[in-house]
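Student: I would like to go through the terms used for this model one by one. Could you set each value against its definition for me?

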Amino acid sequence: MSNAIMANGLSVKFADNWVLNNISFEVQNGIIFGLLGPSGAGKTTLIKLLTGQLQQDHGSAELLGKDTRRLTALEHEQIGAMMDNYGLYDRLSVYDNMSFYADIYRVPHSTIIDILKSIGLYEARNTAVSKLSKGMKNRLSLARALMNNAKILFLDEPTSGLDPATTKEIHDILVEQKKKGTTIFLTTHNMFEAESICDYVILLSKGHIIEHGKPTDICRKYNHLNKLHVTLKDGMELMLENDSTSASAIKEYLEKNLIEAIHSTEPTLETAFIELTGKGLE
Amino acid sequence: MNNIVAIFKKQLKDTLRNKTVLIQFVMFPIMTLITNNAIKIQEMPENFFVILFATMYIGMAPLTSIASIISEEKEKNTLRVLIMSNVKPHEYLLGIGSYVWFACMLGGLVICTVGGYDLQTSIAFMGIIAIGVLTSLLIGAIIGICSKTQMMATSITVPVMMIFSFVPMLSLFNSTIEKIARVIYSEQISRMLNQINSLQLNVENIGVIGLNILIAAILFIFIFKKCKLS
């Protein structure tokens with residue numbers, strides 16, 4: 001599978017502070033790639049670099065095989081972006097915002113209705129953006145990013161501050177886009193989001209990559225306990241070794257129908273992050 | 001061209017809901033209409049209020065509105081998203097600039113109509129307005145580009161606008177101000193409008209306005225390269 005994005009030794013300095021330091025990674029086509037890190041880790045800076053809004057001090061980056069410092073109209077037309085602070089026209093209605101970008105992208109206006117329906121904003125199409133809730137603004141910003149059938153979607157904190165139901169709706173939309181072959185590059189500090197929808201993540205802290213891999217692989221890697229947590233129906237909790245030595249005990253409990261739940265002691269991404277940095281993701 | 005038209009259309013819809021910018025376009029034409037019909041003073045020069053307000057309109061409306069529009073787009077991040085969506089900075093500026101120019105020309109047409117000029121004089125009047133609006137647009141765009149927020153743009157726009165808008169009026173009452181005011185384009189616009197019925201362009205008119213446009217254009221290019229749009 002070819003790469004949609006490639007970063008090699010990217011470093012960016014603001015004043016005397018290295019915001020990104022020697023960042024290297026590859027994003028395969030058609031996956032959901034998560035950039036996980038706390039506020040101030042350098043996530044938005046990295047998106048700006050990859051979309052050509054900012055230039056690195058060292059290293060190189062390629063988007064669809066093209067140097068990000070020399071992106072042309074062709075590459076820009078294949079990018080959809082949802083940035084941290086929307087960039088929507090507050091006084092215009094939902095429909096007028098979409099209609100403006102339909103003109104910019106040369107997309108038929110009939111597409112607007114389809115997108116608004118798919119993203120649940122059709123009923124609010126005549127409402128001014130200033131009157132929308134945060135969740136609706138997020139969805140509109142995403143709708144705009146989806147307008148031009150982009151090959152790569154850059155989403156900066158797409159579900160930040162949203163309620164679980166709206167977050168789930170946005171996740172469903174992203175998974176649907178992935179099925180259509182879109183590569184999605186999202187930043188988040190929500191470890192649940194990263195674990196549930198991302199195929200591959202990198203953990204970023206203070207401008208450095210501190211870990212990368214599939215979320216399940218990272219969780220497994222930091223499973224130092226490697227035990228099974230068994231809860232019995234009578235409320236008793238047991239910690240058993242996660243190997244063949246526990247097989248007979250578990251078999252016995254199962255045969256007697258005593259088991260309420262079995263969990264592995266695999267950590268979450270957040271636990272792994274805390275282990276690596278000593279700090280949480282919020 | 002497609003992007004320029006899209007930006008023009010967007011701005012038209014936005015202005016209808018943006019009282020701050022809308023008032024810039026309609027305030028002076030309405031004031032001209034009212035004062036020209038309501039105030040009659042003996043020995044007052046012909047079309048005194050028409051020329052006075054036309055000059056103030058040129059020095060104020062294009063300058064404040066374009067600075068406000070650009071700085072707001074920068075502050076609210078809409079400009080960054082636009083540039084990422086493959087809109088070139090020059091397309092954006094042409095779209096916004098042509099919209100403000102067109103809107104100001106409509107206002108100018110109202111003022112000209114109130115003046116009751118004949119066709120030939122009206123064409124000359126509108127020509128002078130067009131040049132004045134263009135110069136103010138360049139200055140307003142410079143302020144908009146170098147301002148990160150609308151508040152910052154306003155704090156720069158107000159004194160600049162006061163100079164270009166009010167000095168030609170003050171020069172009517174003070175000879176020292178009149179001598180100093182000769183070097184600014186709005187004063188020359190005011191003089192040309194005052195001679196509109198027997199308009200003969202002189203070296204001073206053309207030279208000062210040309211020099212003002214040249215300085216504004218050089219500053220515009222410098223600021224555009226230094227500050228960028230997004």
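Student: How many residues does the contact take from chain B and from chain A?

Tutor: The contact takes 26 residues from chain A and 23 residues from chain B, where contact means heavy atoms within 4.5 Å. Please keep in mind that this is a predicted model: local features need pLDDT of at least 70, side-chain atom pairs count only at pLDDT 80 or more, and totals for chains, interfaces and linings use all residues. Residues are numbered from 1 along each chain as its sequence is written, chains are lettered from A in the order in which they are written, and side-chain values use heavy atoms, leaving out hydrogens and water.

Student: What is the area buried between chain B and chain A?

Tutor: About 2300 Å², with carbon and sulfur atoms giving 53% of it. Buried area is the accessible area (1.4 Å probe) that two parts lose on being put together, summed over both. On the chain B side, B:R80, B:M84 and B:N86 lose the most area to chain A, together 26% of what that side buries.

Student: Why is the pair A:D90 and B:K76 called a salt bridge?

Tutor: The rule asks for a side-chain nitrogen of Lys or Arg within 4 Å of a carboxyl oxygen of Asp or Glu. The closest N and O atoms of A:D90 and B:K76 are 3.8 Å apart, so the pair meets that limit. Across the interface of chain B and chain A, the rule finds 6 salt bridges.

Student: What makes A:F25 and A:F33 a stacked pair?

Tutor: Rings of Phe, Tyr and Trp (its six-membered ring) pair if their centres lie within 6.5 Å; planes under 30 degrees apart count as stacked, over 60 as edge-to-face and the rest as tilted. For A:F25 and A:F33 the values are 5.3 Å centre to centre and 25° between the planes, so the pair is stacked. Ring pairs also link A:F25 and A:F33 into a cluster with A:F154, A:F185 and A:Y200.

Student: And why are A:F100 and A:Y101 called edge-to-face?

Tutor: Their ring centres are 5.2 Å apart and their planes stand at 65°, so this pair is edge-to-face.

Student: How do you know whether A:F100 and A:Y101 are buried or exposed?

Tutor: Buried means under 20% relative accessible area, exposed over 50%, and partly exposed in between (1.4 Å probe, protein chains only). A:F100 has 3%, so A:F100 is buried. A:Y101 is at 0% and therefore counts as buried.
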